[in-house]
Amino acid sequence: MVYPVIWHNNSVSLIDQTRLPNEYTVVEIHRSEDMAQAITTMIVRGAPAIGVAAAYGMYLGAREIETSERQEFLAKLEIVANLLRSTRPTAVNLFWAIGRMMQTAYETLGTVAEIKQALLETAQKINAEDLQTCQAIGDHGLAALPKTPDRLIILTHCNAGALATAGYGTALGVVRSAWKEGRLARVYADETRPRLQGAKLTTWECVQEGIPVTVITDNMAAHCMKQGLIDAVVVGADRIAANGDAANKIGTYSLAIVAKAHNIPFFVAAPLSTVDFELTDGSQIPIEERHPGEIYQIGETILTPPGVEFYNPAFDVTPADLITAIITENGAFLPGDLLKAKKVL
């Protein structure tokens with residue numbers, strides 16, 4: 001198993017995902033400022049993993065606050081929360097985890113030391129719960145996949161695996177469950193420009209577990225579907241609106257369109273904490289724009305001539321009517337039925 005965020009020896013150990021697949025490196029995080037930097041630079045990435053990391057970041061920030069006066073402590077903790085909130089605007093799990101940590105701080109009666117201990121325990125609960133959630137998503141996803149006599153070939157986009165969560169994964173959680181049950185033949189992984197998370201991270205996870213994986217460039221998906229190579233598409237999400245519109249890594253929307261054109265089921269796998277019920281539809285989801293360097297160079301190689309302008313949105317929004325089902329820890333639901341999933345909580 002791969003665990004990208006681990007609490008160990010009073011610090012947080014993060015797998016440095018910017019160095020995979022060629023180098024496995026663990027970064028030790030001791031301060032909230034360092035956690036904010038790790039989230040911003042995508043040392044840790046994937047909405048659920050960001051939420052877990054942010055929860056620990058809140059505790060690290062609380063640990064640094066030197067006061068025994070409750071109101072002063074809470075005021076300074078709000079500053080830590082705002083620092084972490086500013087790192088990745090699209091991933092709703094970030095805000096959900098920070099909100100849960102702040103709720104713990106305000107509701108815990110007792111000394112500042114007792115509040116700090118409660119914050120650590122809450123962060124650890126968020127970590128453990130996400131792992132259980134992903135395993136449940138995998139099981140429900142297995143039940144939702146097409147029933148065929150042959151083993152399935154699943155196409156995925158970006159990385160929604162163990163590296164993007166507390167472990168096991170959302171979209172790759174479904175893949176793992178299918179593989180364990182003998183229902184998976186192969187994974188096709190979109191390389192996922194511009195940061196290549198599919199080529200670098202999804203493939204790395206599959207290779208660790210012996211799951212057959214084939215990399216294609218993003219613009220090969222339609223061709224592969226036309227050739228009959230794909231049975232289903234399973235992707236993750238960074239934020240889902242109440243109507244089922246889902247924001248995920250850029251390129252997901254076009255993948256959903258071509259899946260619809262080829263009558264291939266398109267599933268979104270995500271925990272219910274990724275659903276932002278305050279947003280009525282996907283037009284209200286903030287879309288992060290990242291540095292143009294992600295587009296104009298790979299490694300040290302510059303790809304474009306001087307004078308070119310760039311547009312680098314990190315996410316796009318797939319409309320609910322292109323989504324076959326949203327797979328959560330409480331089951332697979334039609335996009336318009338997410339309120340039913342909420343009521344199960």
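This is a predicted model: local features need pLDDT of at least 70, side-chain atom pairs count only at pLDDT 80 or more; totals for chains, interfaces and linings use all residues.

Mentor: Residues are numbered from 1 along each chain as its sequence is written, and side-chain values use heavy atoms, with hydrogens and water left out.

Trainee: Into which domains is the protein chain divided?
Mentor: Domain bounds come from an automatic or database domain assignment. Here they give domain 1 (5-133) and domain 2 (144-342). The centres of the two, taken over C-alpha atoms, are 26 Å apart. Contact means heavy atoms within 4.5 Å; 27 residues of domain 1 are in contact with 29 residues of domain 2.

Trainee: What is the order of the seven strands in the open sheet?
Mentor: Helices (H or I, at least four residues) and strands (E, at least two) are DSSP runs, numbered from the N terminus. Two strands pair if DSSP finds at least two bridges between them. In this open sheet the order is β6-β5-β4-β7-β10-β15-β16, with mixed pairing. β6 (213-216) and β16 (331-333) stand at the edges with a single partner strand each, so one side of each has no neighbour in the sheet. On average, neighbouring strands of this sheet are turned by 25° against each other, direction ignored. Axes are lines fitted to C-alpha atoms, for helices over the stretch in contact, and angles run from 0 to 180 degrees between N-to-C directions.

Trainee: How many bridges join β7 to β10?
Mentor: Three bridges join β7 (residues 232-235) to β10 (residues 266-269), and these strands run parallel. Val233 stands opposite Phe266 in β10. Helix α6 (residues 171-180) packs on this sheet, touching β4, β5, β7, β10 and β15, and its direction makes about 160° with that of β5.

Trainee: Which strands are at the edges of the four-stranded sheet?
Mentor: That open sheet has the order β11-β8-β9-β14 and mixed pairing. Its edge strands are β11 (275-276) and β14 (315-318), each pairing on one side only. Four bridges join β9 (residues 246-249) to β14, and the two run antiparallel; Ala246 stands opposite Thr318 in β14. Helix α9 (residues 252-261) lies across β9 and β14, at about 35° to β14.

Trainee: Which residue does UniProt list for "active site"?
Mentor: UniProt positions are given in the numbering used here, feature names are shortened, and annotations may be inferred rather than shown by experiment. The unreviewed entry lists Asp238. Asp238 is found in the loop between β7 and β8.

Trainee: Is Asp238 buried or exposed?
Mentor: Buried means under 20% relative accessible area, exposed over 50%, partly exposed in between (1.4 Å probe, protein chains only). Asp238 has 10% relative accessibility, so it counts as buried. Leaving out residues up to four places away in sequence, Asp238 touches residues including Thr90, Asn93, Lys249 and Phe315.

Trainee: How many disulfides are there?
Mentor: A disulfide is a pair of cysteine sulfur atoms within 2.5 Å. By this rule the count is zero. For Cys158, the nearest cysteine sulfur, that of Cys206, is 13 Å away.
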